[in-house]
Amino acid sequence: MTDTDAGRAARRLSDHPWLERLARVGYAGSGLVHLVIGWIALQVALGGSSENADQGGALEVLREGPLGAALLWFCVVGLAALALFQLLEGIVEGGEPSDRAKALGRSALYGAFGVTAFTVARGGSGDSEESTSEITATLMSAPAGQLLVAAVGLGVVAGGGYHLYKGLTRKFTEDLVSTGGGDLGRGVEVAGMVGYAAKGVALLIVGGLFVLAAWQRDPEEAGGLDTALRSLADTASGTVLLVVVALGLVLYGVYSFARARFARL
């Protein structure tokens, strides 16, 4: 197959209606997981454990619930399709280089999320805290390891800042063909604004933990969302802040369901 033939085949696949439908399933799966994360974060605010307050932990909670296996495979298939769709967007679609780079970045994130869902669906553990520390330690042992870990942290901070910007300026509406109009439309916009802002705050803390790990040369300081929520709970106004972030993550899940219906694909 020539490069031209491969390009045409990739474009046909990216335009296939079933890939688009399954990509929408991926948004719905992400929404389901964020609903669970938000619920767990509320429990953390009330004094519960934060060990499940991340994507992997939320997937494990889903696995133990009614229809757990079916819901997990629903997430696996949808996230895999969404990662493939974004990959093809970045490779074969036109547009600005920055837009294509963003599509490739989203593909990597959804792909990693899908791998975690696949691992949990097959009975494995989704614990991210230990793996985060191990990855950080590996990076730290490499040449210029501190700079690498700091760069990862600053990248996550930038992502958190972008989520805040996207929520507060309603830029997320550019990802949608419609918000549904009327009360539904206003609800989608509120969910998107609060949800993106809350996720932005969480990512800012996660990124800050990586930067702290680099500064102190201690991989144990790095952590995922569960560690970030635990850090937030330990502040002076931790309970109130954590409740706000938790409700925001729930609203991000609600917005993700709306995105499954109204996403511009």
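Predicted model: local features only at pLDDT ≥ 70, side-chain atom pairs only at ≥ 80, totals over all residues.
Helix α10 gives the most to the lining of the largest cavity, with 4 residues.

Which residues line the largest cavity? They are Tyr27, Ser30, Tyr110, Tyr252, Tyr255, Ser256 and Arg259. By class, the lining is made up of 4 nonpolar, 2 polar and 1 charged residues.

Let me take helix α2 next. It has 29 residues, and the distance from its first C-alpha to its last is 42 Å, close to the 42 Å expected at 1.5 Å a residue. Just after α2, glycine 47 adopts a positive phi of about 105 degrees. I would also point out a contact between a charge and a ring: the charged end of arginine 21 sits over the ring of tryptophan 18, 4.9 Å from its centre.

I turn now to the aromatic residues. The structure holds 8 aromatic pairs. One of them joins tyrosine 196 and tyrosine 255, with ring centres 5.5 Å apart and planes at 65 degrees; because the angle is over 60 degrees, the pair counts as edge-to-face. Tyrosine 196 belongs to helix α8 (residues 182-216) and tyrosine 255 to helix α10, so this pair ties together parts that are 59 residues apart in sequence.

Are these two tyrosines buried or exposed? Tyrosine 196 has a relative accessible area of 3% and is buried. Tyrosine 255, at 1% relative accessibility, counts as buried too.

Tyrosine 255 also forms an aromatic pair with tyrosine 252, and here the geometry is tilted, at 6.4 Å centre to centre and 50 degrees between the planes. Both of these residues lie in helix α10, 3 residues apart, about one turn of the helix. In general, an α-helix has 3.6 residues a turn, so residues three or four places apart point the same way. Tyrosine 252 is buried, as is tyrosine 255.

What does the aromatic cluster contain? Phe172, Tyr196, Tyr252 and Tyr255 form one cluster.

To close, I return to the cavity. Tyr252 and Tyr255 are among the residues that line it, and both are also members of the aromatic cluster with Phe172 and Tyr196.

Notes: Residues numbered from 1 in each chain as written. Heavy atoms only, no water. 1 Å grid on protein atoms, 1.4 Å probe; cavity = no way out; pocket = protein on both sides within 12 Å on 5 of 7 lines; lining within 4 Å. Helix = DSSP H or I, 4+ residues; strand = E, 2+ residues; numbered from the N terminus. Nonpolar A, V, L, I, M, F, W, Y, C, P; charged D, E, K, R; others polar. Expected span 1.5 Å × (residues − 1). Phe/Tyr/Trp six-rings, centres within 6.5 Å; stacked < 30°, edge-to-face > 60°. Buried < 20%, exposed > 50% of the residue type's maximum accessible area, 1.4 Å probe, protein only. Lys NZ or Arg CZ within 6 Å of the ring centre and 35° of its normal.
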